[in-house]
Amino acid sequence: MDKTFYITTPIYYPSAKPHMGHAYSSIVADFFARFKSIDGYEVHFLTGTDEHGLKIQKSAEKAGKDPQIFCDQISQTFRDLSNTLNLSNTDFIRTTEPRHKKTVQHLWKELEKNDDIYLSNYSGWYSVSDEAFYNEDEIEEVDGNKVSITSKSSVEWIEEESYFFRLSKWEKPLLEYYDANPDFISPESRKNEVISFVKNGLKDLSISRKSFSWGIPVPNNKNHVIYVWLDALTNYLSALNYPNKEDDFFKKFWPASVHLIGKDILRFHAVYWPAFLLAAKIDLPKRVYGHGWILSGEEKMSKSKGNILDPLEIIEQYGLDPLRYYLIKEVSFGKDGNISQERLEDCINSDLANNYGNLCQRVTAFAIKNCDGKIPSEIKFKDEDLIILNKYKDNLDKIRSQIDKQNINFYIDYIVNSLFEANKYFNDQEPWKKKNDIIRLNTIVYTTLEIVRKISFLLYPIIPETSIKALKIFDIDEKDIKINTISKNDYLTKDINIKKIDILFKKIEKKND
Ligand code: MSP
């Protein structure tokens with residue numbers, strides 16, 4: 001069987017410039033994409049921008065710009081961010097592209113053909129900020145304004161002619177699907193939220209708007225534009241050339257392995273999206289994973305709250321890999337996580353500069369001085385060397401299976417422990433006291449170098465640029481990073497010159513140090 005992996009990020013609204021929450025979703029998706037690619041999978045990694053709907057139309061009006069020009073500009077800042085974050089995405093989709101419009105209109109026609117769409121009138125609450133319809137019991141009044149209880153964004157009453165999707169018809173099939181596919185929604189706590197929402201009863205969903213024009217027209221009725229969520233969710237298919245279901249590209253990557261999203265948009269991905277797909281007789285994605293929020297001072301980071309940490313400013317100040325490492329380590333995956341510059345600095349100093357960077361420098365400096373500057377060839381492993389080396393082989397399948405459960409916390413803990421053990425091994429073995437026993441000295445150096453190599457492979461999905469830099473010690477190129485080789489204890493080419501590398505992470509001088 002072909003090893004393929006298709007991962008997606010949410011497509012971002014280009015209503016304002018990107019913030020740390022967006023960066024987080026993308027970095028985490030990149031982590032999985034890179035792990036799978038060094039594990040021999042052919043990876044398709046999609047990200048992009050969600051450009052239609054009233055929210056964008058209003059933002060463009062506010063900026064005094066034509067919506068297309070407005071989207072062109074802000075979408076570019078998201079594309080630039082993908083580069084700045086060193087994402088390995090294989091595509092970047094914009095919902096204003098012709099390839100996407102074609103797919104959305106086709107999907108609409110399929111739903112229509114299967115009698116899942118009808119024309120009626122909508123009246124109810126709508127949040128432009130969330131682009132979501134809310135039931136009466138989902139809103140509350142705050143300071144005289146009606147707002148959504150969950151997102152706190154204000155809602156307005158709308159009444160207009162609208163096409164509806166027969167969502168109610170899919171209530172039972174959805175519940176059956178969740179039951180038969182217990183891993184479809186992750187993590188578990190979020191699954192329960194979704195199931196109880198569906199069990200409460202699904203009403204048919206309004207899927208077109210008539211009072212504005214910034215969207216994809218409904219086929220055969222130009223007075224309506226397609227609801228922006230039906231439009232946006234379909235990006236996952238348009239990027240694979242759907243409706244060409246027989247296309248190799250589509251067959252290779254659909255169903256998606258995982259849609260990675262924030263918990264705020266779980267309902268759209270775990271209820272509406274699978275219902276649309278069931279109705280159109282398209283296979284469902286294998287998993288929807290709803291991660292938590294990045295909080296700043298205990299609150300969700302958002303433009304309206306003015307508590308945004310700008311990813312570009314942080315990268316400018318500390319570099320990209322520290323930010324990637326920090327977000328992956330500090331935010332317990334699946335849960336909300338508070339971030340702060342203070343903690344970021346601690347993380348750089350302890351994990352990256354001390355435990356990893358310093359280990360690389362120490363062992364290479366020692367080898368350059370005591371092993372003729374070469375990777376030692378005359379070695380003889382003892383039990384204490386093999387115990388630490390073999391752990392990687394013994395844990396490889398576990399690492400893989402935890403990754404398949406999106407258990408990033410396991411992965412990062414594994415690395416942190418490995419670094420601790422590696423430093424302890426080097427200190428305890430005291431190679432500097434073994435100058436009379438050159439084979440022992442060589443073996444300790446070789447073992448430590450092997451561990452540095454294995455940990456650098458494991459770190460590649462998190463801090464790719466630094467991992468590549470560290471692997472220059474051994475003349476290993478990016479294309480040679482393969483996770484299955486962490487099982488080998490004799491991977492390093494013996495007798496080749498060890499390359500000296502620049503310091504990997506500079507320690508941050510803290511004011512209270
Ligand atoms: N356009 C929709 C998604 C359509 S997907 C078919 C959307 N866009 S968004 O720009 O508002 O947010 C997209 C995603 O950014 C969120 O789902 C979440 O993944 C991420 N985040 C935005 N703010 C966030 C935090 N403060 N913390 C973590 N991630 C959050 O929703």
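Trainee: How close do the axes of helix α5 and helix α6 come, and at what angle do they cross?

Mentor: The model is predicted, so local features need pLDDT of at least 70 and side-chain atom pairs 80 or more, while totals for chains, interfaces and linings use all residues. Residues are numbered from 1 along each chain as its sequence is written, and side-chain values use heavy atoms, without hydrogens and water.

Now the helix pair. Helix α5 covers residues 171–180 and helix α6 residues 188–199. (Helices are DSSP runs of H or I, at least four residues; strands are E, at least two; both are numbered from the N terminus.) The two axes come within 10 Å and cross at roughly 155°. (Axes are lines fitted to C-alpha atoms over the stretch in contact; angles between N-to-C directions run from 0 to 180 degrees.) α5 and α6 are therefore roughly antiparallel (over 145 degrees). Their crossing is left-handed (the near helix is turned anticlockwise from the far one by less than a right angle).

Next, the residues at the crossing. From α5 come E171, L175 and Y178; they meet V194, I195, V198 and K199 of α6 (contact means heavy atoms within 4.5 Å). By class, this contact holds 5 nonpolar residues, 2 charged and no polar ones. (Nonpolar covers Ala, Val, Leu, Ile, Met, Phe, Trp, Tyr, Cys and Pro; charged covers Asp, Glu, Lys and Arg; the others, with Gly, are polar.)

On to the charged pairs. The whole structure has 37 salt bridges (a Lys or Arg side-chain nitrogen within 4 Å of an Asp or Glu carboxyl oxygen). E97 and R99 form one of them, at 2.8 Å from N to O. R99 is partly exposed, at 27% relative accessibility. (Buried is under 20% relative accessible area, exposed over 50%, partly exposed in between; 1.4 Å probe, protein chains only.)

K152 pairs with E140, with the closest N and O atoms 2.9 Å apart. K152 sits in the loop between β7 (145–148) and β8 (156–165), and E140 in strand β6 (residues 139–142), so the pair ties together parts 12 residues apart in sequence. Both ends are partly exposed: K152 at 48%, E140 at 27%.

D351 meets K329, again with closest N and O atoms 2.9 Å apart. This pair links distant parts of the chain, 22 residues apart: D351 is in helix α13 (residues 341–370), K329 in helix α12 (residues 320–330). D351 is buried at 7%, whereas K329 is partly exposed at 28%. Elsewhere, shared partners join D30, R34, R324 and E478 into one salt-bridge network.

Key: Angles under 35 degrees count as roughly parallel, over 145 as roughly antiparallel, 65 to 115 as roughly perpendicular and the rest as oblique.
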